[in-house]
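Hello,

Here is the structure for you to look at. My notes follow below it.

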Amino acid sequence: MVRQIQSLIFVIAFSLFALVGCDGIFIIPEDNLVFKEGLLDLRTFTFNEESVVDIKGDWEFYYGEFHYPPFHGEKKLTGYLNIPDSWQGFAIEGKKLPRSGHATLRGTILLNKDTIGQELRVFIPDVASSYRMFANGVLLGGQGKPGINQFDDTPMIKSKYYTLIPDSERVEIVFHVANYENNFGGFWATPSIGNKYALDRERMVTIARELFLLGALLIIGLYHWGLYFYRRKEKSIFYFALFCFFLGIRTAFTGNRYVLELFPEMHWPTVFRIEFASYYFAVPVFLLFIYHLFPLDANRKFVKLILSVSFVFGLTLLLPISLFTILLYGFQFVSFITIAYVIRVNAIAIANRRPNSKLFLAGLLAFASSVAVDIVRHSMNDRGMGLTPYGLLSFIFFQSLILSSRIASAFTRAEELAESLTISNDSLVAMTENLELIVEDRTFRLNSTLQRLKKDLLLAKKIQQKILPTQELSIPHIKFHLYFEPQEEVGGDFYDIFELNEGTVRFFLADATGHGIQAALYTMAIKSEYESIKRFITKTDDLMNHLNQKIQNKFAGLKIVFSCFLLDIDTKENKIYYTSAGHPDQILMGAEGVKFLPRTGNIIGLRKEQEYTQDTAKFGPGDRFFLFTDGILEQKNSRREEFGQERILQVLKDLKEKPGDRLIADMVINLFTFQGKVNQEDDQTLLVIDWV
């Protein structure tokens with residue numbers, strides 16, 4: 001028996017060693033490469049499939065200002081901040097900075113020519129308490145919404161990976177960081193940049209490790225909960241299961257914070273409070289577990305004292321985050337005292353020759369050591385993945401050996417298993433005899449599932465229609481009419497109309513490749529990226545360039561491509577400005593006759609580096625625009641003829657004096673008459689714009 005236990009201990013220890021050591025299997029950080037006065041020189045460094053560089057060292061630090069790239073003019077440099085240090089305590093003219101505030105961090109990386117165009121990954125760890133990141137003037141992303149004060153700031157702390165494809169040998173990285181909540185402002189760990197394969201492997205290992213720990217904690221907790229359900233007298237089993245649940249919650253709310261992957265809209269202050277609550281409650285629950293495991297050796301008064309103190313710290317979570325994070329140091333002291341007391345109780349149990357007390361001590365030492373190391377790391381603001389869960393797994397293994405001597409005998413379990421097998425065999429025989437009924441039942445379920453899918457598609461159609469502008473939108477001097485008909489319940493056409501400023505109206509029409517659900521999801525991505533920049537970029541060609549860059553940076557792996565047409569109507573100057581990205585020639589009918597507006601660039605998403613130009617034309621009272629997608633042009637009839645541009649022009653000329661709604665109606669009637677019994681082949685969108 002002793003030899004079997006020794007073998008099991010060896011297997012568990014080896015497995016945990018391999019799991020903990022996974023962080024260093026593939027990644028070899030270059031410690032000699034650091035920022036010096038805001039510059040990191042990597043011109044002699046080549047990124048291969050195992051290359052990762054920690055982007056640490058002295059960054060340019062501008063406290064109390066948000067400077068947007070590119071930097072124009074002279075900016076007053078506060079100093080150089082050594083990342084990942086906090087700015088708290090940073091001295092400026094003899095005065096130390098507070099933990100709260102906002103700042104700009106700027107660093108420049110010099111690369112060699114071989115790195116240009118290479119797909120790199122940038123890992124940004126937890127940053128307190130919000131940030132956004134730019135690379136060569138392009139917004140890569142961020143967490144939360146950094147603001148210039150606590151009312152304008154939206155905190156969110158979560159590590160994240162970004163894709164960076166350098167287009168030159170010089171990469172300027174700018175961070176806007178704000179902190180009005182946490183005790184440490186700025187980076188909580190060291191960011192890094194590396195080959196995409198290296199950091200992707202690191203991310204995969206981290207995800208596998210944390211999910212393994214989370215799953216193990218939850219399963220073990222449920223298992224012990226089940227044991228307690230059948231053995232109510234063993235209170236230690238109940239508190240051990242509860243302890244596993246609290247540590248499982250803490251695993252989900254720390255590290256990569258996978259709870260935010262499941263619930264991305266979850267209230268961040270609530271997330272942070274749950275993280276602290278899992279710590280404040282886990283310590284007293286663990287003490288209760290020890291008390292019920294060795295009730296004759298523990299002091300009841302001390303246990304009640306720790307419970308009271310933990311309850312008081314739990315109440316501090318009702319205070320603002322900026323206050324209760326400071327109080328964490330006090331509870332860390334309570335945790336150290338609790339660990340020391342638990343070791344003392346176990347030593348007394350060994351002296352009194354309590355059953356399994358030595359085995360418990362072995363697991364307790366592994367667990368207590370990991371907790372102590374994590375507390376020290378936390379106090380030093382080193383907040384990577386903790387060792388506590390690994391120590392817990394070792395402790396759980398020893399605890400399982402202890403509990404195995406207190407549960408039902410192996411003979412009883414064998415009898416229950418045999419009985420369960422008999423029931424399963426009877427069920428199998430019954431299923432064989434009633435196969436026809438089972439098939440009918442499965443068919444009914446499949447039909448029900450199909451009906452639910454149809455309802456979901458109808459709901460998706462309603463949602464897509466709700467996010468598109470309606471004809472009820474009132475714009476001075478401009479009147480427009482719409483026709484939107486996807487091929488299926490949802491489609492890949494998208495349009496947007498809004499007043500850019502007084503006297504200028506912006507129209508946007510896009511056609512994603514394909515149709516149906518896939519194309520509809522593409523339009524949601526297009527809408528999201530377009531909405532983020534449409535009000536801030538005035539020139540149509542600049543907006544197209546930015547939109548193409550954002551699609552390439554964020555959705556390169558999805559291969560999203562689409563044609564689009566962007567039109568600005570200036571009612572004060574009687575002019576239009578437009579850019580066409582691979583879209584069919586749109587039609588302008590004015591005093592000078594019919595004018596086609598050709599494409600001024602390739603479709604979005606083909607290449608990262610492609611230019612778009614802006615063209616202008618006159619547009620005044622009585623003039624008319626006719627915008628459309630290729631679903632109108634390419635609709636075929638039974639003879640496989642396309643509806644084509646000539647038929648569109650003929651309808652426009654015949655009804656040029658008619659109002660826009662009449663033109664739309666007649667155009668659709670002509671289209672339906674032309675296609676006959678042939679099904680609609682693509683999404684169709686028409687937009688008539690009149691100056692009235």
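Subject of the notes: charges, strands and rings

Arg-132 lies over the face of Phe-66, 5.3 Å from the ring centre. Likewise, Arg-106 has its charged end over the ring of Phe-71, at 4.3 Å from the centre. A charge sits over a ring if NZ of Lys or CZ of Arg is within 6 Å of the ring centre and within 35 degrees of the ring normal.

This is a predicted model, in which local features need pLDDT of at least 70 and side-chain atom pairs count only at pLDDT 80 or more, while totals for chains, interfaces and linings use all residues. Residues are numbered from 1 along each chain as its sequence is written, and side-chain values use heavy atoms, with hydrogens and water left out.

Strand E8 (residues 101-111) pairs with E14 in the antiparallel sense over ten bridges; two strands pair if DSSP finds at least two bridges between them. His-102 is opposite Ala-178 of E14. Strand E11 (residues 130-135) also runs antiparallel to E14, joined by six bridges, and Tyr-131 has Val-177 in E14 as its bridge partner.

There are 42 aromatic pairs in the structure (rings of Phe, Tyr and Trp, its six-membered ring, with centres within 6.5 Å). Phe-565 and Tyr-578 are stacked (planes under 30 degrees apart), because their ring centres are 5.5 Å apart and their planes at 20 degrees.

Regards

Notes:
Helix = DSSP H or I, 4+ residues; strand = E, 2+ residues; numbered from the N terminus. Phe/Tyr/Trp six-rings, centres within 6.5 Å; stacked < 30°, edge-to-face > 60°.
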